[in-house]
Amino acid sequence: MSRALLARRRFAPFFWTQALGAFNDNLFKNVLLLLLTFVAVPRYGWDTGLLTNLAAGLFILPFFLFSAWGGTLADHLDKQRLVRRLKLLELVTMLAAAAAVWFELFALLLALLFMMGTQSALFGPVKYAILPQHLAATELVKGNAWVNLGTFVSILLGTLLAGVLASLDGALGRAAIALALVAVALAGLVASFGVPPAPPSATGRVAWRPLSGTLEVMRDGLRGRRLRLALIGISFFWFLGACYLTQLPAWVRDVAHGEEGAVSFLLGAFALGVGAGALLCARLSAGRLELGLVPVGVLVIGVAGIELAGTAVSAQAPLPLVTLLGNTEFWRMSTLLALVGLGGGLYSVPLYTLMQLASPEAHRARMIAANNILNALFMIGSALFGIVVLSLLSLSLATLFYCLGWVALLVGIGLLICNPRPALRLSIFVLVRLLYRLRFRGRHHIPATGPALVVCNHVSFMDALVLGGACPRPLRFMMDRPIYESPWLNWFFRIAGAIPVDSDRRDPGGVRRALDEVSRALCHDEVVMIFPEGRLTPDGEVHAFRRGLELVLARNPVPVVPAALGGLWGSWTSNCGGKALSKWPRRVRARVILAFDEPVNAREATRGLLETRVRELKQRADEELAQRRGGLI
C-alpha cells in the first residue's frame, strides 16, 4: 500500500527531507519577493520589475551552471552522504539569510537566493536518482507519486507561510521569518540522517565544466528515444505549470476580481489537484509503469484548461476571499484549476518513472540533471510565450489560457493517434478490475527490461485481457487466427499487438509465420505471453503443454516466467457448464488471483518443468481462493 511506503525507513526519511527542502525554497523565495516589493522598493526607490526578474534569474541560473555537475556528483558519490552535505549547505545558507533578514541586507538576500538555487540544482538529480536504489520497480510509481504530492503541497504551504510572516510588522516579523527559515532547514537536515546508504553507480574524477558539461549531459539525455520522450514530456508539464502559476496573480486581479487571499486559494486548488492526480496515478497503475495515463492526463489538462479560460467573476471592485467563496463562478474556476492540476499529476508521474527506468544505472543522476536543465529551458520558454501573447500581441489572459488548453488537448490527441496501445492497455486494466476482484502475486518476477516469455494456464476467453492488463510491462500474446480476424474485434487485437496463429491444416505455414512474429517481438526486447495448452481447459485443470513452447525457445532462448490464473473457471467465458460464451453470466465480480513465479532460465525451461510450475502456482491460487470463500483470510 502507498501509505505503508511512508512508514518505511528506505523511503520516509528521504520523503520528508525533500518535502522540507521544497517548503524552505518557496518560503525563502516568496519572503524575499514580498520584502523587496513592500520594503526595499518604497525605501530605496528600486524598480519592481527589474528586481522581480533579477530574482527569478538568480534562482534559475544555477540550474544551467550546476545541474550537470550535480548529476555527475550523484553518480560518483554515495547519495546518502551527498544529501546530508546539501542539507548542511541549506542550513548554512538559511543562517546567513536569517541574519540578512534581521539586518535588512537586501543585496545579501539576492546573493543567497543564488545559493539556494545552487543547492536546489545540486539536489535535483539526487531527488529522483535515489528512488530506484531504495524502491522495487513495482514501488517506483507510488514513490514518485508521493514525492510529487510532497513537492506541490510544500510549495503551497511555503507560499502561504511566506505571506503570513511577511505581514507581521517590525522586529517581530523579521524574527519570525529568520526563525522559520533556520528551523525548517534544521528539520530537513535531521530528517536526512535517516536516509539509508545509496552507493555510487560510477567511478572516476568529477570536474565542474559549466558549458561543456551541460552540453554533454543534454546530448546524452536526448540520445535514446524513450528517455528523450520522457524528458520532453516532463518539460512540457513544467511549461504548462509555469504558464498557469506565473499568470495566476494577474488572473485573480483581472478575471476573478479578487484580492491576495484568492491567489493563495487558487494556488492551493492547483497544488492539491496535482497531489490528488499523483495518488490517483499510483492507484490506477497498481505498481506498473502505466504510460496510458500520460495521454489521459494531458487530455484532462486540455479540457479543463479550455473550460477555465471561459470562466469569469463579475465584479466592479476587488472582492475579499470570503465574498468570492459565496460566488458559484469562483468555485467553478477553482474546480477547473484543480482538474488542470489533477491532469498534471496523472501525466507527470508515469513520465518521471519512465525517466528513471530508461536511464542507464551508471548515469541515472546525470540523465535527471539533463531533465532539470530542459525543465529550466521550457520554463524560460513559458515566460517568453506569455510575453509574446500578452505584451507583443496584446491578447487577453483568457486567450492565453485558451491557447494552453488547446495545445494540451492537441498533444493528448496526438499521443493517442501515434501510440494508442498504452491507453488501450489502461482501459483493459480498468475493465478487468471492474469485472473481477483481482489479486496479484509475484508481479516483480516479470523482468523490468529485456525479452521474456510468459506461460500461463488457459481457463477462459478473458485470460489474455487479465494478463495483458495486469502485467507490469506491455504484453504481446498469441491467439487463434479466426478470433483475431473477427470483423468486430480485429481493430482491437491489432492495436493490442496480438499475434495470430493458425494450424497447418487450415493454413500451411501459419505456425511458422506466427513463430517469426514472436521471434521479432522477443528480438525487440518485448514480453510475449503464450498458452502452452493450446486450447481452453475443458475441466478447469492444467493440461499437457504442447511443443510450440520449445519451438519458440529454440529460436529465442529467453527467460520464461510461469504464471497461473485461479478463479476464472465457472465464468461464462470458460467451458464450465457448457461451451464458453454460450451461457448467461452467473457471477458478479468473482475473486480472481493472478500469480507469477520466478523466471526459469531458457536452458532449463523444459515443457515438463514449466507445466509443473504452472500447476503448483494454480494449486496455491485455488487454495487461497477457497480460504477466502471460507472466510479464513
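In the protein chain, 54% of the 633 residues count as buried. The structure is a predicted model, and the values reported here were computed from it.

The secondary structure of the protein chain consists of 23 helices and 7 strands. For a chain of 633 residues the globule rule gives a radius of gyration of 26 Å; the value for the protein chain is 28 Å, close to that figure, so the chain is as compact as a globular protein of that length. The C-alpha trace extends over about 90 × 60 × 50 Å along its principal axes. Among the contacts in the protein chain with a separation of 6 or more, 81% are accounted for by residues 24 or more positions apart.

The accessible surface of the protein chain amounts to about 27600 Å², and carbon and sulfur atoms contribute 64% of this area. With regard to charge, 61 side chains are positive and 39 are negative. The centres of these two sets are located 2 Å apart.

Arg512 is situated in helix H21, which comprises residues 510-523. The relative accessible area of Arg512 is 47%, and this residue is therefore classed as partly exposed, given that the class lies between the limits of 20% for buried and 50% for exposed. Arg512 and Val255 are 257 residues apart along the chain, and a distance of 66 Å separates their C-alpha atoms.

Terms used:
Residues numbered from 1 in each chain as written. Predicted model: local features only at pLDDT ≥ 70, side-chain atom pairs only at ≥ 80, totals over all residues. Heavy atoms only, no water. Helix = DSSP H or I, 4+ residues; strand = E, 2+ residues; numbered from the N terminus. Rg over C-alpha atoms; globule rule 2.2 N^0.38 Å. Buried < 20%, exposed > 50% of the residue type's maximum accessible area, 1.4 Å probe, protein only. Contact = heavy atoms within 4.5 Å. Areas by Shrake-Rupley, 256 points an atom, 1.4 Å probe, with all protein chains shown as cover. Lys, Arg positive; Asp, Glu negative; His and termini not counted. Charge placed at Lys NZ, Arg CZ, Asp CG, Glu CD.
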